[in-house]
Amino acid sequence: MKVLYVCAELFPFLKTGGLADVGAGLPPALRALGCDVRILMPAFPAIARAAASTRLVSLLPDGPMPWGRAPALPATDVALATLPGLALPLYLVQSPALYERPGNPYLGPDGKEWGDNALRFAALGWAAATLGQGLDPDWVPDVIHCHDWHTGLAPAYVRAFADAGRAAPSTVFTIHNLAYQGLFPAAVFPQLGLPAACFDVDGLEFFGQVSFMKAAITYADRITTVSPTYAREILSEPQGCGLDGLLRQRANLLSGVLNGVDYQVWSPATAVLLATHYDLDTLANKSLAKRALQTELGLEQRANALVFGVVSRLTEQKGLHLLPPLMAELVQRGGQLALLGQGDAALEQAFVDAAIQYPGQVGVRIGYDEATAHAIVAGADVILVPSAFEPCGLTQLYGLRYGTLPLVRRVGGLADTVVDCTLENLDDGSATGFVFDDSGGQGLSSALRRAFVLFRRPDEWAAVQRRGMGLRFDWLASARHYVAMYQSLRAGAKSGVSTSFRRV
Ligand code: ADP
Ligand code: GLC
């Protein structure tokens, strides 16, 4: 089974969030299960710099297509490359005019979206679909697995080829975050090279705009998201983000497959980025990691301080605006906060102010840094993830492996992966962290308080740590679900049974 894995981020080369971690973890697991996997990405500067032995495959087709015209792209080609440490081949979409720019994959250095993002990511979708048509005659995918809106036009182009009578691969689209939809003015539509009929309420038109996310949900053969609970939540408002009606119509094709963890990167016994190592049998050494973290972030060296850690994008999604108003209480109870994050300027400022107000008790680092992320997940006692919504969430999974109890809101993947320290769960040994429901500050405040109470009972605390550290969220387990999905799609394609959606 040949699988083309299409994405915009890949750890450790280019990362703004968990999407990159998934790109690093899932394809090798698919390969371990026997899939012949290749990754397709734009040649963003960070990727192009690291790529080696690049060999040109082909220019992307332009000009007339059976339904009209190809997308109106500047000269763009696809090359085959390798990346250091990556065992899988990588196709790069190369287009200096589209990708050779500073900033992250989506935003310029000024924090604003690039004005031509529709074309930049249409090129990615077009490259995927044309690889599906034999752009590289040596390797033609059976399945194209697309991730997030950046890849959303791939299923639409694949469908255009199929409707024109061409043999086409099956498509799977994974939603990592429905809140980011890739919405563009209707004026870009003629440049995208899609059949005119696609700009329709039954296609990718969304309240007069072009929606890459809607295109993918409409045209993919299967839709997945990254946890079972989020798969249910997006079927209604508010998590449905205006697409819940369409998702309900396609619910028979939608499923939730929980993400995994790359334990080669995230294990307290071996993590390369960690100065102090420990594991279940040397758990006492976690206190050294705590001391190192306190030193690094300018916190008072108190072994008995309950240290709360945050490693996060600072956006509304993450619910962290609830935290600054609770700082006085947290510090007064003897707690400390170690935070690493960047994003919303007002939130950044609120945490910087808290660090000034509570010197030695609140340590804040604004920015992005992998080593500090490990230092916090290892050195903190509790990892805070009070998200308003969370499709999967990875930091709570890292916390579990590091004996750092997750304190989370009961949403999405957080609800699926953390078991609350209720008396019953403590009694039967299933508890792994603290879970609250309320979206205001009260639920978080009570959960913080419960963490302080359990912390005063070291034996029970250690039992909860051990339970979490023993759990495994293996990529192989997730990959098995995807492989079964690919196989059922191909079996359907061979038997001529259409697996795609028919509107009734
Ligand atoms: P999301 O993808 O919504 O940001 P996830 O929990 O899935 O949330 O993944 C976040 C990933 O990004 C984790 O690997 C986390 O360690 C990392 N991360 C987030 N913020 C930072 C930061 N400021 N510095 C380093 N790593 C970060
Ligand atoms: C998104 C989600 C996050 C998820 C990640 C990887 O960024 O916000 O919850 O863990 O994708 O799937």
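Around ligand 2 there are 14 residues, of which H176, N259, E390, C392 and G393 come nearest, a residue being counted as near a molecule or strand if one of its heavy atoms lies within 4 Å of it. The model is a predicted one, in which local features need pLDDT of at least 70 and side-chain atom pairs count only at pLDDT 80 or more, while totals for chains, interfaces and linings use all residues; side-chain values use heavy atoms, with hydrogens and water left out. Residues are numbered from 1 along each chain as its sequence is written, and chains are lettered from A and ligands numbered from 1 in the order in which they are written.

Polar contacts are pairs of N or O atoms within 3.5 Å; within protein, one atom must be able to donate a hydrogen and the other to accept it, and residues adjacent in sequence count only if both atoms are side-chain atoms. Ligand 1 is surrounded by 20 residues, the closest being G18, D21, R313, K318 and L394. A polar backbone atom of G18 is 2.6 Å from an oxygen atom of ligand 1, and a backbone N or O atom of L394 is 2.8 Å from an oxygen atom of ligand 1. In the case of G367, a backbone N or O atom lies 2.8 Å from a nitrogen atom of ligand 1.

Helices (H or I, at least four residues) and strands (E, at least two) are DSSP runs numbered from the N terminus, and two strands pair if DSSP finds at least two bridges between them. An open sheet of nine strands has the order β3-β6-β7-β2-β1-β8-β9-β13-β14, with mixed pairing. Its edges are formed by β3 (52–59) and β14 (254–256), each of which has a single partner strand, so one side of each is left without a neighbour in the sheet. From one strand to the next the twist averages 25°, where angles run from 0 to 180 degrees between N-to-C directions and axes are lines fitted to C-alpha atoms, for helices over the stretch in contact. Within this sheet, β6 (residues 77–82) and β7 (residues 90–94) run antiparallel and are joined by five bridges, with A79 standing opposite L92 in β7. Helix α1 (residues 18–32) packs on the sheet, touching β1 (2–6), β2 (36–42) and β8 (143–147), and its direction makes about 155° with that of β2; contact here means heavy atoms within 4.5 Å. Helix α4 (residues 117–131) also packs on the sheet, where it touches β1, β2, β6, β7 and β8, at about 150° to the direction of β2.

A further open sheet has three strands in the order β10-β12-β11, with antiparallel pairing. Both β10 (183–185) and β11 (205–206) stand at the edges with a single partner strand each, so one side of each is left without a neighbour in the sheet. Two bridges join β11 to β12 (residues 209–211), and E205 stands opposite V210 in β12. Helix α6 (residues 212–219) lies across β10, β11 and β12, running at about 55° to β12.
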